[in-house]
Amino acid sequence: MKNIRITPTLYIIFLMLPIYWLLTMALKTNTEILGGFSLWPADPTLANFRTILTDPSWYNGYINSTIYVALNTVISLLVALPAAYAFSRYRFMGDKHLFFWLLSNRMAPPAVFVLPFFQLYSSIGLFDTHLAVALAHTLFNVPLAVWILEGFMSGVPKEIDETAQIDGYSFGTFFARIFTPMIASGIGVAAFFCFMFSWVELLIARTLTSVDAKPIAAVMTRTVSASGLDWGVLAAAGVLTIIPGAIVIWFVRNHIAKGFALGRV
Amino acid sequence: MQKKQNQKAWFLVLPVFLLVAFSAVIPLMTVVNYSVQDSFGNNEFYWVGTEWFIEILNSERFHGALGRQLLFSAIILAIEIPLGIWIALKMPKKGWGASLCLVLMALPLLIPWNVVGTIWQIFAREDIGLLGHTLAAMGIDYNYTQVALDAWITVVVMDVWHWTSLVVLLCYAGLSSIPDAFYQAAKIDGASRWAVFRYIQFPKMKRVLLIAVLLRFMDSFMIYTEPFVVTGGGPGNATTFLSIDLVKMAIGQFDLGPAAAFSLVYFLIVLLLSWVFYTVMTARDGDAS
(Lines give C-alpha, C1' and ligand atoms only; values in the text may rest on other atoms or scores of the structure.)
Protein backbone atom coordinates (compact mmCIF):
# COMPACT_ATOMS: atom_id res chain seq x y z
CA MET A 1 0.00 0.00 0.00
CA LYS A 2 1.57 3.26 -1.05
CA ASN A 3 1.28 6.30 1.14
CA ILE A 4 0.03 8.62 -1.54
CA ARG A 5 -2.91 7.24 -3.44
CA ILE A 6 -2.86 8.34 -7.04
CA THR A 7 -6.56 8.12 -7.94
CA PRO A 8 -8.03 10.14 -5.05
CA THR A 9 -5.19 12.65 -5.35
CA LEU A 10 -5.82 13.23 -9.05
CA TYR A 11 -9.54 13.49 -8.42
CA ILE A 12 -9.06 16.06 -5.67
CA ILE A 13 -6.71 18.08 -7.88
CA PHE A 14 -9.42 18.04 -10.57
CA LEU A 15 -11.93 19.27 -7.97
CA MET A 16 -9.68 21.97 -6.57
CA LEU A 17 -8.38 23.51 -9.82
CA PRO A 18 -11.53 25.49 -10.70
CA ILE A 19 -11.91 26.57 -7.06
CA TYR A 20 -8.27 27.66 -7.00
CA TRP A 21 -8.87 29.65 -10.15
CA LEU A 22 -11.86 31.39 -8.58
CA LEU A 23 -9.76 32.24 -5.53
CA THR A 24 -6.88 33.72 -7.55
CA MET A 25 -9.32 35.84 -9.53
CA ALA A 26 -10.86 37.11 -6.34
CA LEU A 27 -7.41 38.31 -5.26
CA LYS A 28 -6.64 40.09 -8.53
CA THR A 29 -7.77 43.51 -9.69
CA ASN A 30 -9.97 43.67 -12.75
CA THR A 31 -7.17 45.21 -14.81
CA GLU A 32 -4.87 42.33 -13.94
CA ILE A 33 -7.54 39.73 -14.84
CA LEU A 34 -8.20 41.21 -18.25
CA GLY A 35 -4.66 42.50 -18.81
CA GLY A 36 -2.86 39.20 -19.17
CA PHE A 37 -2.70 35.58 -18.16
CA SER A 38 -0.95 34.56 -14.93
CA LEU A 39 -1.24 31.51 -12.74
CA TRP A 40 -1.24 33.44 -9.49
CA PRO A 41 -1.96 37.05 -8.54
CA ALA A 42 1.13 39.24 -8.97
CA ASP A 43 -0.05 41.59 -6.28
CA PRO A 44 -2.75 39.97 -4.10
CA THR A 45 -5.41 42.44 -3.07
CA LEU A 46 -8.40 42.19 -0.78
CA ALA A 47 -10.15 45.11 -2.51
CA ASN A 48 -12.77 42.85 -4.09
CA PHE A 49 -13.75 41.42 -0.72
CA ARG A 50 -13.81 44.92 0.75
CA THR A 51 -16.25 46.01 -1.97
CA ILE A 52 -18.65 43.22 -1.03
CA LEU A 53 -18.39 43.59 2.73
CA THR A 54 -18.99 47.34 2.66
CA ASP A 55 -21.80 47.50 0.09
CA PRO A 56 -25.25 46.74 1.62
CA SER A 57 -26.69 45.49 -1.67
CA TRP A 58 -23.99 42.79 -1.61
CA TYR A 59 -23.76 41.78 2.04
CA ASN A 60 -27.53 41.89 2.56
CA GLY A 61 -27.67 39.04 0.06
CA TYR A 62 -25.63 36.88 2.42
CA ILE A 63 -27.77 37.89 5.39
CA ASN A 64 -30.98 37.10 3.50
CA SER A 65 -29.71 33.72 2.35
CA THR A 66 -28.61 32.83 5.87
CA ILE A 67 -31.98 33.82 7.35
CA TYR A 68 -34.12 31.75 5.03
CA VAL A 69 -31.76 28.77 5.13
CA ALA A 70 -31.87 28.81 8.96
CA LEU A 71 -35.66 29.22 8.97
CA ASN A 72 -36.05 26.39 6.51
CA THR A 73 -33.80 24.06 8.53
CA VAL A 74 -35.74 24.75 11.74
CA ILE A 75 -39.18 24.30 10.12
CA SER A 76 -38.13 21.16 8.26
CA LEU A 77 -36.67 19.50 11.35
CA LEU A 78 -39.59 20.46 13.63
CA VAL A 79 -42.20 18.86 11.40
CA ALA A 80 -39.99 15.99 10.24
CA LEU A 81 -39.02 14.73 13.72
CA PRO A 82 -42.47 13.56 14.90
CA ALA A 83 -43.35 12.27 11.44
CA ALA A 84 -40.14 10.26 11.16
CA TYR A 85 -40.84 8.81 14.61
CA ALA A 86 -44.33 7.77 13.52
CA PHE A 87 -43.01 6.15 10.33
CA SER A 88 -40.24 4.28 12.14
CA ARG A 89 -42.39 2.99 15.05
CA TYR A 90 -46.01 2.57 14.02
CA ARG A 91 -48.18 1.16 11.30
CA PHE A 92 -51.18 3.30 10.50
CA MET A 93 -53.73 3.78 7.78
CA GLY A 94 -52.04 4.83 4.54
CA ASP A 95 -48.53 4.98 6.01
CA LYS A 96 -46.73 3.50 3.00
CA HIS A 97 -48.64 5.63 0.51
CA LEU A 98 -47.96 8.74 2.54
CA PHE A 99 -44.24 7.95 2.73
CA PHE A 100 -43.95 7.50 -1.02
CA TRP A 101 -46.07 10.54 -1.71
CA LEU A 102 -43.66 12.56 0.44
CA LEU A 103 -40.67 11.18 -1.45
CA SER A 104 -42.28 11.88 -4.80
CA ASN A 105 -42.03 15.58 -3.95
CA ARG A 106 -38.25 15.20 -3.98
CA MET A 107 -38.68 14.18 -7.64
CA ALA A 108 -40.63 17.29 -8.59
CA PRO A 109 -38.58 19.54 -10.88
CA PRO A 110 -38.36 23.00 -9.21
CA ALA A 111 -39.00 24.53 -12.63
CA VAL A 112 -42.52 23.06 -12.47
CA PHE A 113 -43.25 24.91 -9.24
CA VAL A 114 -41.80 28.30 -10.07
CA LEU A 115 -44.92 29.94 -11.45
CA PRO A 116 -47.51 28.44 -9.04
CA PHE A 117 -45.26 29.29 -6.08
CA PHE A 118 -45.03 32.86 -7.26
CA GLN A 119 -48.82 33.11 -7.48
CA LEU A 120 -49.47 31.27 -4.22
CA TYR A 121 -47.09 33.35 -2.12
CA SER A 122 -48.14 36.59 -3.79
CA SER A 123 -51.79 35.89 -3.05
CA ILE A 124 -51.18 35.29 0.66
CA GLY A 125 -48.96 38.34 0.95
CA LEU A 126 -45.70 36.53 1.65
CA PHE A 127 -43.93 37.51 -1.58
CA ASP A 128 -40.42 38.84 -0.98
CA THR A 129 -40.20 37.55 2.59
CA HIS A 130 -37.71 35.10 4.06
CA LEU A 131 -40.58 32.94 5.24
CA ALA A 132 -41.85 32.42 1.67
CA VAL A 133 -38.51 31.03 0.49
CA ALA A 134 -38.14 28.93 3.64
CA LEU A 135 -41.62 27.43 3.17
CA ALA A 136 -41.08 26.85 -0.54
CA HIS A 137 -37.83 25.00 0.11
CA THR A 138 -39.61 22.62 2.49
CA LEU A 139 -40.97 21.06 -0.72
CA PHE A 140 -37.76 19.08 -1.17
CA ASN A 141 -36.20 19.36 2.31
CA VAL A 142 -39.04 17.92 4.41
CA PRO A 143 -39.23 14.63 2.46
CA LEU A 144 -35.46 14.32 2.66
CA ALA A 145 -35.38 15.10 6.40
CA VAL A 146 -38.13 12.56 7.10
CA TRP A 147 -36.28 9.97 5.05
CA ILE A 148 -32.92 10.53 6.79
CA LEU A 149 -34.39 10.72 10.32
CA GLU A 150 -36.51 7.63 9.76
CA GLY A 151 -33.34 5.75 8.81
CA PHE A 152 -31.51 6.84 11.95
CA MET A 153 -34.53 6.25 14.24
CA SER A 154 -35.06 2.73 12.96
CA GLY A 155 -31.54 2.01 14.19
CA VAL A 156 -32.61 2.71 17.81
CA PRO A 157 -34.04 -0.41 19.47
CA LYS A 158 -37.72 -0.19 20.27
CA GLU A 159 -37.13 -1.60 23.75
CA ILE A 160 -35.84 1.85 24.74
CA ASP A 161 -39.31 3.33 24.13
CA GLU A 162 -40.99 0.60 26.16
CA THR A 163 -38.55 0.81 29.06
CA ALA A 164 -39.04 4.57 29.26
CA GLN A 165 -42.79 4.08 29.31
CA ILE A 166 -42.56 1.55 32.14
CA ASP A 167 -40.27 3.91 34.06
CA GLY A 168 -43.08 6.47 33.94
CA TYR A 169 -41.77 8.96 31.39
CA SER A 170 -44.47 10.81 29.49
CA PHE A 171 -44.11 10.68 25.72
CA GLY A 172 -43.00 14.31 25.54
CA THR A 173 -40.28 13.97 28.17
CA PHE A 174 -39.10 10.69 26.68
CA PHE A 175 -38.87 12.22 23.20
CA ALA A 176 -37.06 15.36 24.31
CA ARG A 177 -34.81 13.98 27.06
CA ILE A 178 -33.99 10.44 25.96
CA PHE A 179 -34.81 9.83 22.33
CA THR A 180 -33.57 13.05 20.74
CA PRO A 181 -30.05 12.80 22.24
CA MET A 182 -29.82 9.22 20.95
CA ILE A 183 -30.34 10.28 17.37
CA ALA A 184 -28.36 13.52 17.70
CA SER A 185 -26.04 12.61 14.85
CA GLY A 186 -29.04 11.87 12.66
CA ILE A 187 -30.49 15.28 13.45
CA GLY A 188 -27.12 16.83 12.65
CA VAL A 189 -26.99 15.07 9.31
CA ALA A 190 -30.59 16.01 8.46
CA ALA A 191 -29.84 19.64 9.36
CA PHE A 192 -26.75 19.47 7.16
CA PHE A 193 -28.80 18.31 4.20
CA CYS A 194 -31.50 20.93 4.75
CA PHE A 195 -28.80 23.58 4.92
CA MET A 196 -27.12 22.24 1.81
CA PHE A 197 -30.13 22.02 -0.49
CA SER A 198 -31.59 25.32 0.66
CA TRP A 199 -28.24 27.12 0.36
CA VAL A 200 -27.51 25.93 -3.18
CA GLU A 201 -30.98 26.47 -4.64
CA LEU A 202 -31.44 29.53 -6.82
CA LEU A 203 -34.43 29.20 -9.13
CA ILE A 204 -37.19 29.24 -6.50
CA ALA A 205 -35.40 31.65 -4.17
CA ARG A 206 -34.91 34.12 -7.00
CA THR A 207 -38.51 33.91 -8.17
CA LEU A 208 -40.00 34.49 -4.73
CA THR A 209 -37.96 37.57 -3.86
CA SER A 210 -37.36 41.00 -5.30
CA VAL A 211 -35.68 43.36 -2.84
CA ASP A 212 -36.07 42.66 0.85
CA ALA A 213 -35.22 38.99 0.86
CA LYS A 214 -33.04 38.76 -2.24
CA PRO A 215 -30.56 35.88 -1.85
CA ILE A 216 -26.86 36.27 -2.59
CA ALA A 217 -27.14 33.91 -5.56
CA ALA A 218 -29.63 36.27 -7.21
CA VAL A 219 -27.48 39.30 -6.44
CA MET A 220 -24.67 37.55 -8.29
CA THR A 221 -26.74 36.85 -11.41
CA ARG A 222 -27.66 40.50 -11.58
CA THR A 223 -23.96 41.36 -11.73
CA VAL A 224 -23.36 38.81 -14.46
CA SER A 225 -25.93 40.36 -16.73
CA ALA A 226 -24.67 43.92 -16.17
CA SER A 227 -22.68 45.28 -19.08
CA GLY A 228 -19.45 46.14 -17.30
CA LEU A 229 -18.45 42.77 -15.88
CA ASP A 230 -16.43 43.06 -12.71
CA TRP A 231 -14.86 39.60 -12.69
CA GLY A 232 -12.86 40.19 -9.53
CA VAL A 233 -15.88 41.11 -7.42
CA LEU A 234 -17.91 38.28 -8.93
CA ALA A 235 -15.16 35.80 -8.05
CA ALA A 236 -14.89 37.21 -4.52
CA ALA A 237 -18.64 36.85 -4.06
CA GLY A 238 -18.36 33.24 -5.24
CA VAL A 239 -15.57 32.52 -2.78
CA LEU A 240 -17.67 33.93 0.05
CA THR A 241 -20.58 31.61 -0.83
CA ILE A 242 -18.29 28.58 -0.55
CA ILE A 243 -17.07 29.41 2.97
CA PRO A 244 -20.27 28.61 4.95
CA GLY A 245 -20.48 25.22 3.24
CA ALA A 246 -16.84 24.46 4.01
CA ILE A 247 -17.38 25.29 7.69
CA VAL A 248 -20.48 23.12 7.92
CA ILE A 249 -18.73 20.16 6.26
CA TRP A 250 -15.86 20.42 8.74
CA PHE A 251 -18.31 20.00 11.64
CA VAL A 252 -20.12 16.98 10.22
CA ARG A 253 -17.10 15.30 8.60
CA ASN A 254 -17.32 12.21 10.80
CA HIS A 255 -20.99 11.64 10.04
CA ILE A 256 -20.95 12.72 6.44
CA ALA A 257 -20.47 9.28 4.91
CA LYS A 258 -23.33 7.76 6.87
CA GLY A 259 -25.42 10.83 6.25
CA PHE A 260 -25.00 10.64 2.50
CA ALA A 261 -26.25 7.08 2.68
CA LEU A 262 -29.29 8.61 4.42
CA GLY A 263 -28.68 6.56 7.55
CA ARG A 264 -29.22 3.36 5.63
CA VAL A 265 -25.93 1.50 5.70
CA MET B 1 -38.63 -4.66 13.59
CA GLN B 2 -42.27 -5.41 14.29
CA LYS B 3 -44.23 -2.18 14.20
CA LYS B 4 -47.26 -1.50 16.35
CA GLN B 5 -50.58 -0.68 14.76
CA ASN B 6 -51.54 2.76 16.03
CA GLN B 7 -53.85 5.15 14.24
CA LYS B 8 -52.92 7.95 16.63
CA ALA B 9 -49.58 8.11 14.82
CA TRP B 10 -51.47 10.23 12.29
CA PHE B 11 -51.26 13.11 14.76
CA LEU B 12 -47.47 12.93 14.54
CA VAL B 13 -47.58 12.97 10.77
CA LEU B 14 -50.19 15.69 10.53
CA PRO B 15 -47.78 18.68 10.56
CA VAL B 16 -45.79 17.24 7.65
CA PHE B 17 -48.98 16.38 5.83
CA LEU B 18 -50.36 19.91 6.16
CA LEU B 19 -47.08 21.58 5.27
CA VAL B 20 -46.50 19.47 2.17
CA ALA B 21 -50.14 19.81 1.18
CA PHE B 22 -49.64 23.57 1.34
CA SER B 23 -46.31 23.69 -0.47
CA ALA B 24 -46.88 20.91 -3.01
CA VAL B 25 -50.55 20.11 -3.54
CA ILE B 26 -51.89 23.66 -3.89
CA PRO B 27 -49.26 24.65 -6.49
CA LEU B 28 -49.72 21.35 -8.30
CA MET B 29 -53.47 21.91 -8.49
CA THR B 30 -52.81 25.38 -9.92
CA VAL B 31 -50.74 23.74 -12.63
CA VAL B 32 -53.46 21.17 -13.35
CA ASN B 33 -55.95 24.01 -13.55
CA TYR B 34 -53.93 25.95 -16.11
CA SER B 35 -53.21 22.88 -18.17
CA VAL B 36 -56.85 22.41 -19.15
CA GLN B 37 -57.83 26.05 -19.63
CA ASP B 38 -57.10 28.96 -21.93
CA SER B 39 -57.26 32.65 -21.16
CA PHE B 40 -57.71 35.90 -23.07
CA GLY B 41 -56.48 37.89 -20.11
CA ASN B 42 -58.74 39.67 -17.61
CA ASN B 43 -58.66 36.52 -15.51
CA GLU B 44 -61.23 34.89 -17.78
CA PHE B 45 -60.59 31.24 -18.35
CA TYR B 46 -62.40 28.66 -20.39
CA TRP B 47 -62.10 24.92 -20.66
CA VAL B 48 -59.98 23.49 -23.47
CA GLY B 49 -59.63 19.90 -22.29
CA THR B 50 -56.55 18.07 -23.45
CA GLU B 51 -55.67 20.54 -26.18
CA TRP B 52 -52.43 21.74 -24.53
CA PHE B 53 -51.30 18.21 -23.80
CA ILE B 54 -51.78 17.21 -27.43
CA GLU B 55 -49.96 20.35 -28.55
CA ILE B 56 -47.00 19.72 -26.22
CA LEU B 57 -46.72 16.02 -26.97
CA ASN B 58 -46.65 16.76 -30.70
CA SER B 59 -44.32 19.73 -30.63
CA GLU B 60 -40.84 19.54 -32.10
CA ARG B 61 -39.60 21.80 -29.35
CA PHE B 62 -40.62 19.42 -26.58
CA HIS B 63 -39.23 16.38 -28.41
CA GLY B 64 -35.92 18.18 -28.89
CA ALA B 65 -35.61 19.19 -25.24
CA LEU B 66 -36.64 15.72 -24.05
CA GLY B 67 -34.14 14.04 -26.36
CA ARG B 68 -31.30 16.27 -25.17
CA GLN B 69 -32.36 15.71 -21.56
CA LEU B 70 -32.38 11.91 -21.88
CA LEU B 71 -29.00 11.94 -23.62
CA PHE B 72 -27.56 14.22 -20.92
CA SER B 73 -28.82 12.06 -18.04
CA ALA B 74 -27.58 8.89 -19.76
CA ILE B 75 -24.09 10.36 -20.24
CA ILE B 76 -24.02 11.62 -16.66
CA LEU B 77 -24.97 8.23 -15.20
CA ALA B 78 -22.56 6.37 -17.50
CA ILE B 79 -19.64 8.54 -16.35
CA GLU B 80 -20.37 9.36 -12.72
CA ILE B 81 -21.48 5.97 -11.38
CA PRO B 82 -18.43 3.91 -12.52
CA LEU B 83 -16.03 6.78 -11.76
CA GLY B 84 -17.54 7.24 -8.31
CA ILE B 85 -17.26 3.52 -7.48
CA TRP B 86 -13.67 3.42 -8.68
CA ILE B 87 -12.61 6.44 -6.63
CA ALA B 88 -14.41 5.13 -3.54
CA LEU B 89 -12.52 1.83 -3.86
CA LYS B 90 -9.19 3.67 -3.99
CA MET B 91 -9.88 5.98 -1.05
CA PRO B 92 -8.00 5.63 2.23
CA LYS B 93 -10.16 3.75 4.74
CA LYS B 94 -9.30 5.56 7.96
CA GLY B 95 -7.13 8.20 9.60
CA TRP B 96 -6.74 11.87 8.79
CA GLY B 97 -6.30 11.07 5.11
CA ALA B 98 -9.85 9.75 4.94
CA SER B 99 -11.28 12.79 6.74
CA LEU B 100 -9.36 15.16 4.48
CA CYS B 101 -10.56 13.32 1.36
CA LEU B 102 -14.18 13.43 2.57
CA VAL B 103 -14.11 17.15 3.37
CA LEU B 104 -12.40 18.15 0.11
CA MET B 105 -14.59 15.89 -2.00
CA ALA B 106 -17.80 17.15 -0.40
CA LEU B 107 -16.87 20.76 -1.06
CA PRO B 108 -18.33 21.05 -4.60
CA LEU B 109 -21.67 19.72 -3.30
CA LEU B 110 -22.12 22.76 -1.06
CA ILE B 111 -21.41 25.44 -3.61
CA PRO B 112 -24.56 27.28 -4.75
CA TRP B 113 -25.50 26.03 -8.19
CA ASN B 114 -25.19 29.36 -9.91
CA VAL B 115 -21.70 29.77 -8.43
CA VAL B 116 -20.82 26.35 -9.89
CA GLY B 117 -21.94 27.79 -13.21
CA THR B 118 -19.93 30.96 -12.65
CA ILE B 119 -16.81 28.99 -11.67
CA TRP B 120 -16.93 26.97 -14.88
CA GLN B 121 -17.90 29.92 -17.01
CA ILE B 122 -14.75 31.69 -15.85
CA PHE B 123 -12.59 28.53 -15.85
CA ALA B 124 -13.43 27.66 -19.46
CA ARG B 125 -13.12 31.13 -20.96
CA GLU B 126 -10.35 31.47 -23.47
CA ASP B 127 -9.20 34.91 -22.40
CA ILE B 128 -9.20 34.66 -18.60
CA GLY B 129 -9.84 31.00 -17.74
CA LEU B 130 -7.20 28.44 -16.84
CA LEU B 131 -8.83 25.62 -18.85
CA GLY B 132 -9.74 27.68 -21.90
CA HIS B 133 -6.34 29.37 -21.97
CA THR B 134 -4.45 26.10 -21.60
CA LEU B 135 -6.45 24.45 -24.39
CA ALA B 136 -5.88 27.43 -26.64
CA ALA B 137 -2.15 27.37 -25.87
CA MET B 138 -2.09 23.70 -26.85
CA GLY B 139 -3.64 24.64 -30.17
CA ILE B 140 -7.01 23.02 -29.52
CA ASP B 141 -9.97 24.85 -30.95
CA TYR B 142 -12.39 25.18 -28.08
CA ASN B 143 -15.21 27.65 -27.69
CA TYR B 144 -18.19 26.72 -25.55
CA THR B 145 -20.29 29.71 -26.52
CA GLN B 146 -20.14 28.99 -30.26
CA VAL B 147 -19.67 25.27 -30.84
CA ALA B 148 -22.42 22.90 -29.69
CA LEU B 149 -20.08 19.98 -28.99
CA ASP B 150 -17.79 22.15 -26.84
CA ALA B 151 -20.80 23.43 -24.91
CA TRP B 152 -21.90 19.86 -24.24
CA ILE B 153 -18.43 18.80 -23.11
CA THR B 154 -18.25 21.80 -20.77
CA VAL B 155 -21.66 21.09 -19.24
CA VAL B 156 -20.93 17.36 -18.80
CA VAL B 157 -17.48 17.93 -17.29
CA MET B 158 -19.00 20.55 -14.99
CA ASP B 159 -21.63 18.10 -13.79
CA VAL B 160 -19.01 15.39 -13.27
CA TRP B 161 -17.00 17.91 -11.24
CA HIS B 162 -20.07 18.92 -9.26
CA TRP B 163 -21.75 15.61 -8.47
CA THR B 164 -19.35 12.63 -8.77
CA SER B 165 -18.45 13.22 -5.11
CA LEU B 166 -22.00 12.29 -4.12
CA VAL B 167 -21.55 8.85 -5.68
CA VAL B 168 -18.10 8.55 -4.08
CA LEU B 169 -19.42 9.42 -0.61
CA LEU B 170 -22.34 7.01 -0.90
CA CYS B 171 -20.13 4.13 -2.08
CA TYR B 172 -17.56 4.97 0.58
CA ALA B 173 -20.31 4.72 3.21
CA GLY B 174 -21.26 1.29 1.87
CA LEU B 175 -17.64 0.10 1.77
CA SER B 176 -16.79 1.28 5.27
CA SER B 177 -19.52 -0.97 6.69
CA ILE B 178 -17.59 -4.09 5.56
CA PRO B 179 -15.73 -5.72 8.49
CA ASP B 180 -11.98 -6.35 8.03
CA ALA B 181 -12.56 -10.06 8.65
CA PHE B 182 -14.19 -10.35 5.22
CA TYR B 183 -11.03 -9.14 3.48
CA GLN B 184 -8.82 -11.41 5.59
CA ALA B 185 -10.96 -14.41 4.72
CA ALA B 186 -10.76 -13.50 1.04
CA LYS B 187 -6.97 -13.23 1.30
CA ILE B 188 -6.69 -16.67 2.91
CA ASP B 189 -8.85 -18.13 0.15
CA GLY B 190 -6.60 -16.45 -2.39
CA ALA B 191 -9.47 -14.51 -3.97
CA SER B 192 -8.60 -12.29 -6.92
CA ARG B 193 -9.08 -8.52 -6.82
CA TRP B 194 -12.11 -8.89 -9.08
CA ALA B 195 -13.64 -11.64 -6.90
CA VAL B 196 -13.28 -9.43 -3.82
CA PHE B 197 -15.09 -6.65 -5.64
CA ARG B 198 -17.76 -8.89 -7.14
CA TYR B 199 -18.63 -10.95 -4.05
CA ILE B 200 -17.74 -8.74 -1.07
CA GLN B 201 -17.67 -5.06 -2.01
CA PHE B 202 -20.35 -4.83 -4.68
CA PRO B 203 -23.13 -6.56 -2.67
CA LYS B 204 -22.48 -4.18 0.24
CA MET B 205 -22.65 -1.18 -2.06
CA LYS B 206 -25.88 -2.21 -3.76
CA ARG B 207 -28.27 -0.38 -1.44
CA VAL B 208 -26.36 2.87 -1.53
CA LEU B 209 -25.80 2.53 -5.26
CA LEU B 210 -29.56 2.43 -5.68
CA ILE B 211 -29.80 5.74 -3.83
CA ALA B 212 -26.89 7.11 -5.87
CA VAL B 213 -28.42 6.16 -9.22
CA LEU B 214 -31.85 7.50 -8.23
CA LEU B 215 -30.52 10.81 -6.88
CA ARG B 216 -28.18 11.34 -9.80
CA PHE B 217 -30.88 10.50 -12.29
CA MET B 218 -33.49 12.78 -10.70
CA ASP B 219 -31.16 15.70 -10.22
CA SER B 220 -29.56 15.50 -13.66
CA PHE B 221 -33.03 15.27 -15.16
CA MET B 222 -34.06 18.46 -13.35
CA ILE B 223 -30.86 20.41 -14.00
CA TYR B 224 -31.41 24.08 -14.60
CA THR B 225 -29.11 26.60 -12.97
CA GLU B 226 -25.64 25.37 -13.92
CA PRO B 227 -26.06 25.04 -17.71
CA PHE B 228 -28.21 28.15 -17.72
CA VAL B 229 -25.42 30.22 -16.20
CA VAL B 230 -22.70 28.72 -18.42
CA THR B 231 -24.38 28.46 -21.81
CA GLY B 232 -27.84 30.00 -21.36
CA GLY B 233 -29.17 26.96 -23.22
CA GLY B 234 -27.10 27.72 -26.28
CA PRO B 235 -25.48 27.84 -28.71
CA GLY B 236 -28.86 27.85 -30.43
CA ASN B 237 -30.83 25.26 -28.51
CA ALA B 238 -27.94 22.83 -28.11
CA THR B 239 -28.00 22.72 -24.31
CA THR B 240 -31.64 23.69 -23.72
CA PHE B 241 -32.74 20.95 -21.33
CA LEU B 242 -36.30 20.42 -20.13
CA SER B 243 -36.16 22.78 -17.13
CA ILE B 244 -34.53 25.56 -19.12
CA ASP B 245 -37.15 25.23 -21.83
CA LEU B 246 -39.96 25.14 -19.28
CA VAL B 247 -38.82 28.27 -17.46
CA LYS B 248 -38.42 30.02 -20.81
CA MET B 249 -41.99 29.10 -21.68
CA ALA B 250 -43.58 29.88 -18.31
CA ILE B 251 -41.75 33.04 -17.23
CA GLY B 252 -40.30 34.33 -20.49
CA GLN B 253 -43.30 33.94 -22.80
CA PHE B 254 -45.95 33.48 -20.10
CA ASP B 255 -47.70 30.74 -22.08
CA LEU B 256 -49.55 29.41 -19.06
CA GLY B 257 -51.54 26.61 -20.68
CA PRO B 258 -48.76 24.92 -22.66
CA ALA B 259 -46.26 25.50 -19.82
CA ALA B 260 -48.61 23.83 -17.35
CA ALA B 261 -49.17 20.85 -19.63
CA PHE B 262 -45.40 20.70 -20.15
CA SER B 263 -44.90 20.71 -16.35
CA LEU B 264 -47.25 17.82 -15.75
CA VAL B 265 -45.79 15.69 -18.55
CA TYR B 266 -42.29 16.49 -17.27
CA PHE B 267 -43.16 15.55 -13.66
CA LEU B 268 -44.80 12.30 -14.81
CA ILE B 269 -41.73 11.36 -16.85
CA VAL B 270 -39.44 11.86 -13.82
CA LEU B 271 -41.78 9.82 -11.60
CA LEU B 272 -42.13 7.07 -14.17
CA LEU B 273 -38.41 6.75 -14.93
CA SER B 274 -37.52 6.86 -11.20
CA TRP B 275 -40.06 4.12 -10.60
CA VAL B 276 -38.59 2.02 -13.42
CA PHE B 277 -35.05 2.43 -12.02
CA TYR B 278 -36.29 1.54 -8.55
CA THR B 279 -38.20 -1.54 -9.68
CA VAL B 280 -35.46 -2.87 -11.94
CA MET B 281 -32.73 -2.43 -9.35
CA THR B 282 -34.70 -3.86 -6.41
CA ALA B 283 -35.93 -6.77 -8.55
CA ARG B 284 -32.35 -7.78 -9.36
CA ASP B 285 -31.60 -7.45 -5.67
CA GLY B 286 -34.32 -9.98 -4.92
CA ASP B 287 -32.92 -12.50 -7.40
CA ALA B 288 -29.45 -12.34 -5.94
CA SER B 289 -30.38 -12.98 -2.34
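In the predicted model, the centres of domain 1 and domain 2 of chain A, taken over C-alpha atoms, are separated by 31 Å. The domain assignment places domain 1 at residues 1-45 and domain 2 at residues 55-260 of chain A. Contact between these domains involves 8 residues from domain 1 and 7 residues from domain 2 of chain A. On the domain 1 side, helix H1 (6-26) and helix H2 (30-35) of chain A are the elements that give two or more residues. H1(A) supplies the largest share of that side, with 4 residues. By residue class, the side of domain 1 of chain A that touches domain 2 comprises 5 nonpolar, 2 polar and 1 charged.

Chain B contains 12 helices and 3 strands. Its C-alpha trace spans about 80 × 70 × 30 Å along the principal axes. Of the 289 residues in chain B, 40% are buried. Among contacts in chain B between residues at least 6 apart in sequence, those joining residues at least 24 apart account for 71%.

The contact between the two chains takes 80 residues from chain A and 77 residues from chain B. Helix H1 (residues 9-35) of chain B contributes 14 residues, the largest share of the chain B side. That side of chain B is made up of 57 nonpolar, 16 polar and 4 charged residues. Strand pairing also links the chains: strand S1 (residues 90-91) of chain A and strand S1 (residues 4-5) of chain B run parallel and are joined by 2 bridges. Within this pairing, Gln5(B) in S1(B) has Arg91(A) opposite.

Key
Residues are numbered from 1 along each chain as its sequence is written. Chains are lettered from A and ligands numbered from 1 in the order in which they are written. This is a predicted model: local features need pLDDT of at least 70, side-chain atom pairs count only at pLDDT 80 or more; totals for chains, interfaces and linings use all residues. A residue is buried if 20 or more other C-beta atoms lie within 10 Å of its own, exposed if 12 or fewer, and partly exposed in between; C-beta atoms are placed from the backbone. Ala, Val, Leu, Ile, Met, Phe, Trp, Tyr, Cys and Pro count as nonpolar, Asp, Glu, Lys and Arg as charged, and the others, Gly among them, as polar. Two strands pair if DSSP finds at least two bridges between them. Domain bounds come from an automatic or database domain assignment.
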